[in-house]
Amino acid sequence: MVFAKNDVDYSLYLVTDSTMLPPGTTLCSQVEAGLKNGVTLVQIREKDTETRDFVEEALEVQKICKKYKVPLIINDRIDVAMAIDADGVHVGQSDMPIPMVRRLLGPSKILGWSVGKPSEVETLAKWGPDMVDYIGVGTLFPTLTKKNPKKSPMGPQGAIAVLDALEEFKAIWCRTVGIGGLHPDNIQRVICQCVSSNGKRSLDGISLVSDIMAAPDACAATKRLRGLLDGSKYQFVDCKLNETFPTTASIQSVISQVSSNRPLVQHITNKVHQNFGANVTLALGSSPIMSEIESEVSELARIPNASLLLNTGSVAPIETLKAAINAYNEVNRPITFDPVGYSATETRLCLNNTLLTYGQFTCIKGNCSEILSLAKLNKDKMKGVDANSGNMDINLLVRATQIVAFQYRTIAVCTGEFDCVANGIFDGKYKLSSGTAGITAEDLPCMIIEDGPIPIMGDITASGCSLGSTIACFIGGLNSTGNLFDAVVGAVLLYKSAGKLASTRCQGSGSFHVQLIDALYQLFHENKPESWSASLKKFN
Ligand SMILES: Cc1ncc(COP(=O)(O)OP(=O)(O)O)c(N)n1
Ligand SMILES: Cc1ncsc1CCOP(=O)(O)O
Ligand SMILES: [Mg+2]
């Protein structure tokens, strides 16, 4: 049986490994369970098996694949593939060179290549459409299955760079599967986020080993994976995610919800911000808890209207941060991420990037330097953690905010003399292969909030961090019918107006701290956004 290459379904690609079989299962029983429940492509990968045994196993698996009319790919071993007339081969960067493999296999067989960086895409594009049919993009996340991996995990952002390269070098024919550490808790996020910048391409599927091969119930495991792939809606917070633009009326509704729901806002933040953040949270009718205790994050996340603010100014142990992200993602509660000093040092860059690949954030906020760095649009290296405000070009900042929102599938906030808020959530929708149907970052809804310069805002500590507290209160306090974009824009509008009001009432930076809390308290409890001083306008 020869499979037409355009008919290959890459959506759920099982790679075998008989070293992790649970008791009472066999290589063939796990493969058949997968095929019965939605596996669409199989690769036999037996790294430590003698050739004779490998051939016999491959023939057994081939029989089952034929029964379900699913192609069988052989890992590494071109000789075995030819010997049993398999449907294709997968090789990596250190295996036999692709042109040789293609010459041995002939033009009709499926040929897959492991790709981890754009330069490898450039090579396959130069070879043209008769060489590589699909690429395994990874390793996405840490995994114990592949021994001594040569590269560190690339995360969704690394996969986006590969997808962008396929578009840049016009390898339109080439299909893609993500691989490495893929499990139900990250698959939807990967498909959602891994979209090329031109919006035209997302992964064609996911490839995995242990989630099925090590599953005591491979049928159930496969059914769960199939459901995630076909779900097409990643609801990572339990709020309405539509694309309407915020108004003062909708912001008034948000404040009413926050006031009645009194959200619990867990702060994992820097020491300087803790006290002020707690007082800002209280002023906004919410309940702060400054906890960095790993063992209680799951319990806190399950409290009604719980909301997490993760500020990496001075960090809790990374395992605590990861546990918190997991806990809030698991129960679909919002996380506001403030990557303080994002790329100011290698340490902060590594920490923040690790966390950014680790979970889904409802809102990512930063000053203009941090957002420009996140969007890879920063010209000079960040210095310290202060915003390099200067006379920034509004178009550049809006573009950067939209790129961050698009790439992290989040609501991005860029703070400075004027604030930008862009909505990259796409209503939680995702689709294999065709990305966002051509919608790009610059198409994202973006709001500008202005109230003129408030220089004294930069003369106190934790003013930027406390906008994070405000956002966390607003998105945490929403009803399930609440609108996230309204909530984040409302938080920014309130904070900017309160800052302006406080600056007119204070005698210096000491009293500004107090006046800012009073102004937040007053504007929140009055709840008359139409009378606030800051202006709200659509950018596009
Ligand atoms: C679908 C898919 N993607 C990547 C790999 C890894 O192949 P390779 O880099 O050759 O490493 P080994 O699998 O040979 O250890 C794969 N096998 N399948
Ligand atoms: C073969 C391979 N190539 C890159 S990661 C990997 C193993 C993936 O295994 P798992 O799905 O169990 O993480
Ligand atoms: Mg290999």
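This is a predicted model: local features need pLDDT of at least 70, side-chain atom pairs count only at pLDDT 80 or more; totals for chains, interfaces and linings use all residues.

Visitor: How is a helix read, and what span does helix 19 reach?

Guide: Helices (H or I, at least four residues) and strands (E, at least two) are DSSP runs, numbered from the N terminus. The expected span of a helix is 1.5 Å times one less than its number of residues. Helix 19, residues 509–526, has 18 residues and reaches 25 Å from its first C-alpha to its last, close to the expected 26 Å. Just after helix 19, Asn 527 takes a positive phi of about 55°.

Visitor: Which residues of helix 19 are buried, and what covers them?

Guide: An α-helix has 3.6 residues a turn, so residues three or four places apart point the same way. Buried means under 20% relative accessible area, exposed over 50%, and partly exposed in between, with a 1.4 Å probe and protein chains only. In helix 19 the buried residues are Phe 512, Gln 515, Leu 516, Ile 517, Ala 519, Leu 520, Leu 523 and Phe 524. Their cover includes helix 10 (248–261), helix 11 (271–283), helix 17 (463–476) and helix 18 (484–505).

Visitor: Which residues does Val 280 touch?

Guide: Contact means heavy atoms within 4.5 Å. Val 280 lies in helix 11 and is buried, with a relative accessible area of 0%. Not counting residues up to four places away in sequence, Val 280 touches Ser 466, Ser 469, Thr 470, Ile 517 and Leu 520.

Visitor: Is Lys 271 buried or exposed?

Guide: Lys 271, also in helix 11, is exposed at a relative accessible area of 57%. Sequence separation and spatial separation are read side by side. The C-alpha atoms of Lys 271 and Ala 462 are 191 residues apart along the chain and separated by 9.7 Å. For Val 280 and Ile 403, 123 residues apart along the chain, the C-alpha separation is 30 Å.

Visitor: Where do backbone angles call for attention?

Guide: Two cases of positive phi in a residue other than glycine are Asp 427, near 60°, and Ala 437, near 55°. Asp 427 is found in the loop between strand 15 (418–423) and strand 16 (446–450), and Ala 437 lies in the loop between strand 15 and strand 16 as well. Asp 427 is buried, with a relative accessible area of 17%, whereas Ala 437 counts as exposed at 70%. A further case concerns omega: the peptide bond from Gly 138 to Thr 139 is cis, with omega near 10°. Thr 139 is found in the loop between strand 6 (134–137) and helix 6 (155–168).

Visitor: What does the UniProt annotation cover?

Guide: UniProt positions are given in the numbering used here, feature names are shortened, and annotations may be inferred rather than shown by experiment. An unreviewed UniProt entry carries the annotation "domain: Thiamine phosphate synthase/TenI" for residues 12–212. Over residues 12–212 the chain is 38% helix and 17% strand, with end C-alpha atoms 11 Å apart.

Terms used: Residues are numbered from 1 along each chain as its sequence is written. Chains are lettered from A and ligands numbered from 1 in the order in which they are written. Side-chain values use heavy atoms; hydrogens and water are left out.
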